[in-house]
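Welcome! Take a moment to look over the protein shown here before reading on.

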Amino acid sequence: PSEPEEKPVDSKGRVLAFDPDGFDSESMVRDAAGRFWIGEEYGPSLLKVAANGRIEKRWSPGKGGLPEFLKRRQNNRGFEAMTWNSEGHLLLFLQSSLPALSKNAASTHLIPVLEFDPVQEKTVGLYFYEASPEGGKIGDATLNSDGSILVIEQNGKTGGRAWQRVVRVIFSKSLNVLAAAEGKGIGYEP
């Protein structure tokens with residue numbers, strides 16, 4: 001990211017200098033070549049990291065591979081979960097829905113999920129996960145042996161008010177709305 005959207009602070013709440021190369025990792029998978037793919041929430045961005053820890057490449061919204069509309073996500077609610085799909089593409093889940101995604105009240109429960117092709121190095125799919133209306137947020141995701149995706153959804157509360165659910169989802173190509181989103185001008189920067 002080129003400029004801070006949130007002020008970094010230390011454990012005592014003192015404001016720290018902004019580091020444009022900093023990131024807050026939330027999700028990570030490893031590929032067959034031993035590289036790590038890391039999803040982070042402050043860009044949000046996706047990083048490709050060599051097995052030795054060297055960052056090879058970073059994608060941010062509107063800058064080569066990630067849709068511009070991701071910048072509209074709520075602060076501290078970037079890529080919370082990531083997994084491979086059965087095609088060898090990455091699925092990147094935002095933690096929660098985007099503010100003002102549309103005027104439709106149901107959109108407040110629709111969480112964007114990107115499909116990123118690591119070979120082409122670009123987003124090739126956009127899907128929506130319908131979260132629980134009781135405050136559901138994404139916790140994690142993994143590829144199931146049958147090709148479906150298992151998603152952990154939680155409400156972020158503690159004690160007796162907390163709940164977590166495992167939901168099985170299938171993102172079929174017929175549900176891919178990336179082309180429609182790009183056609184309406186909400187895909188990428190010119």
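## About the model

This is a predicted model, in which local features need pLDDT of at least 70 and side-chain atom pairs count only at pLDDT 80 or more, while totals for chains, interfaces and linings use all residues. Residues are numbered from 1 along each chain as its sequence is written, and side-chain values use heavy atoms, leaving out hydrogens and water.

## The whole protein

The protein has 11 strands and 1 helix. These are DSSP runs numbered from the N terminus: H or I over at least four residues for helices, E over at least two for strands. Read from the N terminus, the order is β-β-β-β-β-β-β-β-β-β-β-α.

Of the 190 residues, 41% are buried (under 20% relative accessible area; exposed is over 50%, and partly exposed lies in between, with a 1.4 Å probe and protein chains only).

## A hairpin

Strands E1 (residues 25-30) and E2 (residues 36-40) run antiparallel and are joined by 5 bridges. Strands pair if DSSP finds at least two bridges between them. Arg30 has Phe36 in E2 as its bridge partner.

E1 and E2 form a hairpin with 5 residues between them. In the turn, Gly34 has a positive phi of about 90°.

## A look at Gln164

Gln164 sits in strand E11 (residues 164-169). Gln164 counts as exposed because its relative accessibility is 56%.

Beyond its neighbours within four places in sequence, Gln164 is in contact with Glu153 and Gln154 (contact means heavy atoms within 4.5 Å). Gln164 and Ile138 are 26 residues apart along the chain, and their C-alpha atoms are separated by 9.7 Å.
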